[in-house]
Amino acid sequence: MLSVVTLPLDESLGAPAATTSIMATGDTVYASQDRMYISTNEWIPPTLDERERGVWQETYRTGIHRFALPADGAAVYEASGTVDGHLLDQFSMHDRDGTFFVATTTGAPWSSDQSQSQIVAMEPNGEVLEQIGAVGGLGKGERIFSVRYVDQTAYVVTFRQTDPFYVVDLSPPTAMAVRGELKIPGVSNYLHPI
């Protein structure tokens, strides 16, 4: 069970004000002022043979669960969806005006030979968080080391031998585009706007 517990910070913390739960696991959390997104890594069945494990690694997917966070009430489950690949951390996720952006690297977290990275835009359609746009092909054979979202721009660093730095225009989310790329030596695993 994945539970989002609401606690009133202006009262005693003895008991939660409300709890919202779904049948899922939770791994990485991103929250804006009015929404929370929780990613779920795929579980690997221990009974897979070598061929099945190879197929599973190539088609690795991450689940995303979206909750509304009203100012004066309990969290409300809204939608769930999946995206190809895996996330690096909470900086890989972003919410802008109800559109969710997530940067992932395809394949399983421990496999990067055939990987490439992408940014996917998602919006709810009923209880399904659907993909409405994507920009991919970032860092072929590499994996994401850092992501930062600033306004309508995403900055992504991938790495294997060199350290490509991508600037991605997120506006509009249905037609995102890479606006710049710089390959530099070294490793960047944290980006911070100044």
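User: What makes Tyr30, Tyr37 and Phe100 a cluster?

Analyst: In this predicted model, Tyr30, Tyr37 and Phe100 are linked into a cluster by ring pairs. The search of the whole structure returns 6 aromatic pairs. One of the pairs is formed by Tyr37 and Phe100, which are stacked, with 4.1 Å from centre to centre and 15° between the planes.

User: Why is the pair of Tyr37 and Phe100 called stacked?

Analyst: A pair of aromatic rings is described by the distance of the centres and the angle of the planes.

User: Are Tyr37 and Phe100 buried or exposed, and how do you know?

Analyst: Buried means under 20% relative accessible area. Tyr37 has a relative accessible area of 0% and is therefore buried, and Phe100, with a relative accessible area of 0%, is therefore buried as well.

User: What makes the pair of Phe67 and Tyr77 edge-to-face?

Analyst: The centres of the rings of Phe67 and Tyr77 are 5.8 Å apart and their planes stand at 70°; because planes over 60 degrees apart count as edge-to-face, the pair takes that name. This pair, too, links distant parts of the chain, with Phe67 in strand E5 (residues 61-68) and Tyr77 in strand E6 (residues 76-84), 10 residues apart.

User: Why is Phe67 called buried, and why is Tyr77 called partly exposed?

Analyst: Phe67 has 0% relative accessibility, which is under 20%, so Phe67 counts as buried. Tyr77 has a relative accessible area of 23%, which falls between the cut-offs of 20% and 50%, so Tyr77 is partly exposed.

User: Where is Leu69, and what does Leu69 touch?

Analyst: Leu69 lies in the loop between E5 and E6, and is partly exposed, with a relative accessible area of 23%. Leaving aside residues up to four places away in sequence, Leu69 touches Ser32, Gln33, Asp34, Arg35, Met36 and Ala75. Leu69 and Ser32 are 37 residues apart in sequence, while their C-alpha atoms are 8.8 Å apart in space.

User: What makes the nonpolar surface patch, and why can Leu7 belong to it?

Analyst: The patch of about 420 Å² is made by Val5, Leu7, Leu9 and Leu13. Residues of a patch need over 30% relative accessible area; Leu7, at 41% relative accessibility, counts as partly exposed and therefore passes that cut-off. Leu7 is found in the loop between strand E1 (2-6) and strand E2 (18-22).

User: Which residues of E1 are on its covered face and which on its uncovered one?

Analyst: Leu2, Val4 and Thr6 form the covered face of E1, and Ser3 and Val5 the uncovered one. In a regular strand the side chains alternate between the two faces of the sheet.

User: How do you know that E1 and E2 pair?

Analyst: Two strands pair if there are at least two bridges between them; E1 and E2, which run antiparallel, are joined by 5 bridges, so the two strands pair. Val5 has Thr19 as its bridge partner in E2.

Terms used: Residues are numbered from 1 along each chain as its sequence is written. This is a predicted model: local features need pLDDT of at least 70, side-chain atom pairs count only at pLDDT 80 or more; totals for chains, interfaces and linings use all residues. Side-chain values use heavy atoms; hydrogens and water are left out. Patches are made of residues with over 30% relative accessible area and no salt bridge: like charges are joined within 9 Å, nonpolar side chains (Val, Leu, Ile, Met, Phe, Trp, Tyr) within 5 Å. Accessible areas come from the Shrake-Rupley method with a 1.4 Å probe; for residues, only the protein chains shown count as cover. A salt bridge is a side-chain nitrogen of Lys or Arg within 4 Å of a carboxyl oxygen of Asp or Glu. Helices (H or I, at least four residues) and strands (E, at least two) are DSSP runs, numbered from the N terminus. Buried means under 20% relative accessible area, exposed over 50%, partly exposed in between (1.4 Å probe, protein chains only). Rings of Phe, Tyr and Trp (its six-membered ring) pair if their centres lie within 6.5 Å; planes under 30 degrees apart count as stacked, over 60 as edge-to-face and the rest as tilted. Contact means heavy atoms within 4.5 Å.
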